[in-house]
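The exercises below are meant to be worked with the sequence and the coordinates side by side. Try each task before reading the solution that follows.

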Amino acid sequence: MSSSTSMGISTMKPCCRMLVNCRNSVSVGFGFRRCSHTVMENNISGCRGEVVIDRQIRCNSHSILDFRVPSAVSGLTWGQSRGVLGRDKARNISIICNVASDFRKLSTSIDPQIGGDKGFESIYIKGLNVNVKPLVVERIDGDAVKEEPRVNGSAVVDTDSASVDDSTVCTVQKEYSKSEADAWELLRKAVVNYCGSPVGTVAANDPADSLPLNYDQVFIRDFVPSAIAFLLKGESEIVRNFLLHTLQLQSWEKTVDCYSPGQGLMPASFKVRSVPLDGNKEAFEEVLDPDFGESAIGRVAPVDSGLWWIILLRAYGKITGDYALQERVDVQTGIKLILNLCLSDGFDMFPSLLVTDGSCMIDRRMGIHGHPLEIQALFYSALRCSREMLTVNDGSKNLIRAINNRLSALSFHIREYYWLDMKKMNEIYRYKTEEYSTEAINKFNIYPEQIPSWLVEWIPEKGGYLMGNLQPAHMDFRFFTLGNTWAVVSSLATPRQCEGILNLFEEKWEDLVGKMPLKISYPAIEGEEWRIITGCDPKNTPWSYHNGGSWPTLLWQFTLACIKMGRPELARRAVAVAEKRLLDDKWPEYYDTRSGRFIGKQARLYQTWTIAGFLSSKMLLENPEMACILTCDEDLELLEGCACLLSKTARAKCSRKAAKSQVLV
């Protein structure tokens with residue numbers, strides 16, 4: 001987690017927003033995503049709400065999730081807005097208002113671009129109709145009224161509701177262990193509210209931490225395991241709000257200079273701030289302050305945020321059945337902007353995504369620049385999820401065609417060139433170099449001398465894995481857990497390779513799991529190599545943090561992979577190892593040493609994605625059928641076509657037989 005500093009309000013770029021107040025009037029302006037609150041001694045005017053309070057509250061302009069559009073909008077029908085209180089500004093208040101803070105039934109159409117532009121499409125809106133179903137929300141002390149689990153010794157009895165759609169609710173009695181009960185309590189304490197509604201969870205919530213840096217912000221990648229935990233528990237409001245609010249933070253502006261985020265870029269994180277309203281000390285407003293990397297250590301834009309957002313959007317629809325959210329025009333536009341950013345043509349010849357160091361979970365210099373496996377796995381998964389969710393029409397057919405072509409090329413590239421097992425190692429060991437032809441075996445001019453000595457003894461006879469990176473004359477032979485587990489989850493790897501990856505975990509359990517699952521990477525880089533690659537980073541010393549540290553949050557991805565491949569016993573074994581220590585160790589961010597025996601030297605305690613990863617793993621193991629809807633099955637059609645179209649030239653056609661044969665075995 002990189003640190004950030006507070007970004008001044010003046011640095012925010014203007015963006016179009018729409019606000020609805022309690023008088024049903026619509027105002028269009030420019031500024032932050034905000035929610036305004038004013039405490040007065042007068043009666044409420046224009047707000048259909050009952051307020052039980054010693055003072056009266058005037059409901060001013062409140063957020064409707066700040067729906068931004070790239071062109072004129074017409075045909076609006078609004079419901080009542082809700083009146084809410086800002087956090088920490090009012091206590092002992094019960095307020096009931098009709099709610100229409102989100103567009104529940106949004107009917108729009110997207111027209112394709114008119115003209116000869118070669119881009120995928122240009123999106124504009126013909127019409128908009130909002131039909132809002134009013135809700136009733138009751139809040140006391142700024143929090144939603146909810147009966148908390150009852151503690152009985154070391155167990156907690158709770159009512160668990162998992163909703164597949166609006167009409168089906170399954171209620172079961174659940175007994176929680178002490179670790180699970182503590183985890184749920186901490187997860188709820190980490191929830192961040194914006195305009196009275198939950199919008200995410202902070203990265204860490206250690207009350208003893210006097211210097212939280214940016215750990216008090218809501219990170220997109222960090223919130224994903226929290227979102228899965230809430231969705232599996234049947235609490236989808238926070239996930240819906242998160243998806244829509246982060247969508248409004250997405251950059252809609254084309255890059256004008258080198259300091260502007262690219263169009264479609266999702267922020268790494270955001271923070272809810274309270275600022276005075278127009279200089280009035282008696283009034284305040286809440287604003288969402290995003291960080292696109294301009295405040296982060298290293299100043300690197302997050303490549304993975306948009307990919308995780310798409311993956312979470314699909315998971316939300318699969319679990320809740322609320323597919324209407326995916327069909328909203330702003331959501332469809334958001335998906336397309338992310339894809340256009342990722343699929344843009346460039347100088348790179350590979351189908352994999354070219355990124356710099358620090359652009360993903362490993363957000364510091366660790367030698368992963370180029371084509372790191374983690375990004376490729378998330379990229380592949382996001383493309384597949386997008387293909388499911390995009391509305392098929394004349395305006396999207398070019399984009400869908402581009403997705404299919406990229407999926408075909410990317411899956412072949414990763415399966416063919418990133419895979420390592422004993423057979424592939426023997427091939428690399430005997431590579432000839434300086435080959436010049438389209439039929440070259442050593443296509444990337446890899447010198448066999450770069451095979452590390454540790455790998456010669458470490459690679460098992462049974463099993464294998466996808467290497468960390470591949471570039472001309474460079475193979476990163478390190479094992480990266482997130483990239484490999486997500487390659488299984490998304491079916492980026494073949495079924496045979498997926499089985500080999502789990503076999504590797506089983507064969508190398510002490511190295512990859514040890515005393516605390518799971519190693520973010522293996523092995524650690526040491527000595528002169530550490531000094532050169534990390535720049536002498538004191539946080540990424542050998543077997544610490546990103547350099548071979550153990551991260552419990554990786555449990556939920558590992559659990560998904562194990563359940564998908566029919567080997568949940570491996571996940572149960574890993575979760576049992578973690579459960580022995582996490583509660584007593586106060587839920588650390590990561591662990592140090594080769595076996596993960598020590599709490600990380602700079603690890604934050606009460607790390608939210610550690611907590612959420614543990615809870616998600618437990619619930620997935622109890623309900624393995626839920627894991628099935630979060631994964632992607634093998635798509636044999638991707639192996640039929642060749643995106644590079646080499647068959648139209650005199651050059652040899654790219655062979656798909658090798659990859660396809662691995663699928664069928």
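**Exercise 1.** How are H3 and H6 oriented to each other?

Solution. Bear in mind throughout that this is a predicted model. Two packed helices are described by the angle between their axes and the distance between the axes. Helix H3, residues 237–249, packs against H6 at an angle of about 60 degrees, and the two axes lie 10 Å apart. Roughly perpendicular begins at 65 degrees and roughly parallel ends under 35 degrees, so H3 and H6 count as oblique to each other.

**Exercise 2.** Classify the ring pair of Phe-350 and Phe-444, and locate both residues in the chain.

Solution. The structure holds 22 aromatic pairs. In this one, the ring centres of Phe-350 and Phe-444 are 5.4 Å apart and the planes stand at 80 degrees, and because planes over 60 degrees apart count as edge-to-face, the pair is assigned to that class. The pair links distant parts of the chain, with Phe-350 in the loop between helix H6 (329–342) and helix H7 (373–389), and Phe-444 in the loop between helix H9 (422–429) and helix H10 (453–458), 94 residues apart. Phe-444 has 11% relative accessibility, and since the cut-off for buried is under 20%, Phe-444 counts as buried.

**Exercise 3.** Describe the pair of Phe-479 and Phe-505, and then the cluster that includes these residues.

Solution. Phe-479 and Phe-505 also form an edge-to-face pair, with 5.5 Å from centre to centre and 80 degrees between the planes. Phe-479 belongs to strand S23 and Phe-505 to helix H12, residues 495–507, so that the pair joins distant parts of the chain, 26 residues apart. Both Phe-479 and Phe-505 are buried.

**Exercise 4.** How is strand S18 paired, and how many of its residues are buried?

Solution. Strand S17, residues 269–277, pairs with S18 in the antiparallel sense over nine bridges, and within this arrangement Phe-270 stands opposite Pro-290 of S18. The hairpin of S17 and S18 has two residues between the strands, and Asp-278 takes a positive phi near 50 degrees there. Turning to accessibility, S18 (residues 280–291) is mostly covered, with nine of its 12 residues buried.

Terms used: Residues numbered from 1 in each chain as written. Predicted model: local features only at pLDDT ≥ 70, side-chain atom pairs only at ≥ 80, totals over all residues. Heavy atoms only, no water. Phe/Tyr/Trp six-rings, centres within 6.5 Å; stacked < 30°, edge-to-face > 60°. Helix = DSSP H or I, 4+ residues; strand = E, 2+ residues; numbered from the N terminus. Buried < 20%, exposed > 50% of the residue type's maximum accessible area, 1.4 Å probe, protein only. Pairing = 2+ DSSP bridges. Axes fitted to C-alpha atoms, helices over the stretch in contact; angles between N-to-C directions. Parallel < 35°, antiparallel > 145°, perpendicular 65-115°, else oblique.
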